[in-house]
Structure formats: structure tokens, C-alpha cells
Amino acid sequence: MESLKFSWRSRAKSFVYAFAGLRWFFKHEHNARIHGVAAILVIIISFVLKISRLEFMAVLLAIALVLVAEMINSAIEKMLDHLSPVIHPAVKIIKDLAAAAVLVAAIVAVVIGLIIFIPKIL
């Protein structure tokens with residue numbers, strides 16, 4: 001397979017496609033909007049409680065972890081719905097595993113939030 005030459009134009013297009021994916025994600029995925037609102041609230045609380053830079057980095061990483069997990073879950077669901085419109089036991093397992101990844105990410109994000117915010121509130 002022949003490798004393609006590097007092109008700034010194609011690199012710029014990849015950003016356009018990525019931002020289109022973000023727009024689609026927040027426009028069409030209900031959970032994305034829930035995660036987005038939660039992220040904004042957590043960021044506001046972070047400033048109100050004046051958490052440290054390191055704590056803020058942990059908060060941002062937790063937010064990113066949840067959003068990325070949700071995006072991957074959404075991509076897997078859309079792909080499987082396209083490839084297998086008929087319900088199949090293997091497809092159910094794959095979708096359940098992807099959803100479980102989001103759940104684990106969300107639980108870890110909540111734990112990180114509790115570790116950082118509870119001492120500040122108390």
C-alpha cells in the first residue's frame with residue numbers, strides 16, 4: 001500500500017471532520033448533553049471552590065474520560081446498528097460492554113469529584 005504524502009490541507013480537513021463529529025455528538029446524543037451540562041457545572045464549581053491546578057487537571061481528565069468513553073460508545077452503537085439492524089446476541093454483548101465502559105468512566109469521574117470537592121465544601 002502506497003503511503004500518502006503529508007499535506008497541511010488534509011490535516012486541516014481532519015480537524016473539520018473532528019469538529020463535525022463533536023457537533024453531531026452534542027446535537028444528537030442525549031447523554032452527551034447530560035455529560036456536557038455536568039462538565040460545565042463541575043468546571044464552574046471548580047472555580048468557585050478555588051481548587052488547585054493539579055486538582056483542576058484531574059477534573060478535566062475525568063471529564064475527558066467520560067466524554068471520550070461516551071463518544072466511543074456512540075460510535076460503536078451507530079456502527080452496529082448500521083451493520084446489524086436485526087438484534088443479535090453478540091451485538092447486544094458488544095453494546096453492553098461499550099455502555100459499561102461509559103459507566104466505569106462516570107463512576108471514576110464521580111469518585112474523583114468527591115475526593116476533590118468534599119474536603120473543600122467541608
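# Helix packing and salt bridges in a predicted model

Colleague: In which kind of interaction do the side chains of Lys92 and Asp96 meet, and what is the N to O distance?
Modeller: In this predicted model, the side chains of Lys92 and Asp96 meet in a salt bridge. Both residues belong to helix α4 and are four residues apart, about one turn of the helix. A salt bridge here requires the nitrogen and the carboxyl oxygen to be within 4 Å, and the N to O distance for Lys92 and Asp96 is 2.5 Å.

Colleague: Is Lys92 buried, partly exposed or exposed?
Modeller: The partly exposed class lies between the buried limit, under 20% relative accessible area, and the exposed limit, over 50%. Asp96, the partner of Lys92 in the salt bridge, has a relative accessibility of 40% and so falls in that class. Lys92 has a relative accessibility of 49%, and therefore it counts as partly exposed.

Colleague: How many salt bridges does a search of the whole structure find?
Modeller: One of them joins Asp81 and Lys95, with an N to O distance of 2.4 Å, and this pair links distant parts of the chain, with Asp81 in helix α3 and Lys95 in helix α4, 14 residues apart. Asp81 is partly exposed at a relative accessible area of 38%, and Lys95 is likewise partly exposed, at 22%. Over the whole structure, the number of salt bridges found is four.

Colleague: With which residue does Glu55 form a salt bridge?
Modeller: The closest N and O atoms of this salt bridge are 3.3 Å apart. The pair links distant parts of the chain, since Glu55 lies in helix α3 while its partner lies in helix α4 (residues 89-121), 65 residues apart.

Colleague: How is α2 oriented relative to α3, roughly parallel or roughly antiparallel?
Modeller: The axes of helix α2 (residues 30-48) and helix α3 (residues 53-83) come within 10 Å and cross at roughly 180°. Angles over 145 degrees count as roughly antiparallel, and therefore α2 relative to α3 is roughly antiparallel.

Colleague: How many nonpolar residues are there in the contact of α2 with α3?
Modeller: From α2 the contact takes in Asn31, His35, Ala39, Val42, Ile43, Ser46 and Phe47, and these meet Phe56, Val59, Leu60, Ile63, Val66, Leu67 and Glu70 in α3. Divided by class, the residues of this contact comprise one charged, three polar and, for the nonpolar class, 10.

Colleague: At what angle do α1 and α3 pack?
Modeller: The residues that meet are Leu22, Trp24, Phe25 and Phe26 in α1, and Leu67, Glu70, Met71, Ser74 and Lys78 in α3. By class, this contact has six nonpolar, one polar and two charged residues. The two helices are roughly perpendicular to each other, because angles of 65 to 115 degrees count as such. Their axes are 11 Å apart, and the angle is about 85°.

Colleague: Is Ser74 buried or exposed?
Modeller: Ser74 lies in helix α3 and, leaving aside its neighbours within four places in sequence, is in contact with Phe25 and Glu29. Its relative accessible area is 4%, and since the buried class is set at under 20%, Ser74 is buried.

Colleague: What is the C-alpha to C-alpha distance in space between Val102 and His35?
Modeller: Val102, placed in helix α4, is buried, with a relative accessible area of 8%. Leaving aside its neighbours within four places in sequence, Val102 is in contact with His35, Ala69, Glu70 and Asn73. Although Val102 and His35 are 67 residues apart in sequence, their C-alpha to C-alpha distance in space is 11 Å.

Colleague: In which helix is confidence highest?
Modeller: The chain averages a pLDDT of 94, and 98% of the residues score at least 70. Confidence is lowest in helix α1 (residues 8-28), at a mean of 93, whereas the highest mean, 97, belongs to α3.

Methods:
Residues numbered from 1 in each chain as written. Predicted model: local features only at pLDDT ≥ 70, side-chain atom pairs only at ≥ 80, totals over all residues. Heavy atoms only, no water. Axes fitted to C-alpha atoms, helices over the stretch in contact; angles between N-to-C directions. Parallel < 35°, antiparallel > 145°, perpendicular 65-115°, else oblique. Contact = heavy atoms within 4.5 Å. Nonpolar A, V, L, I, M, F, W, Y, C, P; charged D, E, K, R; others polar. pLDDT = per-residue confidence, 0-100. Buried < 20%, exposed > 50% of the residue type's maximum accessible area, 1.4 Å probe, protein only.
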